[in-house]
Amino acid sequence: IGFSVGLAYFNSLVTVLGQQVEILGYNDDAAGAYGALILGCGLLGCAVVGPIMDITHRYRTMLRILAILFAINVMALCFCLRPNKAIILGVLFGTLGSLVLPLLPLSFECAVECTYPVPESITNGFMLSLGNTLSIASTFLWQVVVKPL
């Protein structure tokens, strides 16, 4: 369930990112740059975390570390979503991507290990189905919350 909530948060954030930063006075180019930072830094995060996991096989430890850092990053984003903080937001969105994208394969691996002998396709399918269902609801919720004053 925790993975699904995180997936829903990430999907809905990326969906309403333009609306969210527009309220703060940033333009579409800034929203596009923030989205690119999320994905680009996320790919770099995967490139770093993947080899570490291949060497150490400490999946649960890395999952815990990334989840805690992700929660701290989300709280920092909540406090820093203000006008005239473009660079800080860029750093936070980049950090968000580098933390959240490696969580996807780590969560799948840990869930498959925890639910053995259940086939991994059922475990991963359930996680993604619940996450995407929650994404729909949270996207609509964010659109209500993010309306300009």
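His57 counts as exposed because its relative accessibility is 52%; buried means under 20% relative accessible area, exposed over 50%, and partly exposed in between, with a 1.4 Å probe and protein chains only. His57 is found in the loop between α2 (28–56) and α3. Helices here are DSSP runs of H or I with at least four residues, numbered from the N terminus. His57 has a positive phi of about 60° although it is not a glycine.

This is a predicted model, in which local features need pLDDT of at least 70, side-chain atom pairs count only at pLDDT 80 or more, and totals for chains, interfaces and linings use all residues. Residues are numbered from 1 along each chain as its sequence is written, and side-chain values use heavy atoms, leaving out hydrogens and water.

Asn84 is another residue to look at. Its place is in the loop between α3 and α4, and its phi is near 60°, a positive value in a residue other than glycine. Asn84 counts as exposed because its relative accessibility is 77%. Most residues other than glycine have a negative phi, and most peptide bonds are trans. The peptide bond from Tyr116 to Pro117 is cis, with omega near 20°. Pro117 is found in the loop between α4 and α5.

Now turn to the largest pocket. On a 1 Å grid over the protein atoms alone, a pocket is an open set of points where a 1.4 Å probe fits, with protein on both sides within 12 Å along at least five of seven lines; lining residues have an atom within 4 Å of a point. The largest pocket is lined by 19 residues, and Gly2, Phe3, Gly6, Leu103 and Ser107 lie nearest its centre. Helices α1 (2–23), α3 (59–80), α4 (86–114) and α5 (120–145) each supply at least two residues of this lining. The largest share, 7 residues, comes from α4.

Gly2 is found in helix α1. Gly2 counts as exposed because its relative accessibility is 59%. Gly2 and Met127 are 125 residues apart in sequence, and their C-alpha atoms are 9.3 Å apart in space.

Met75 is found in helix α3. Met75 is partly exposed because its relative accessible area is 48%.
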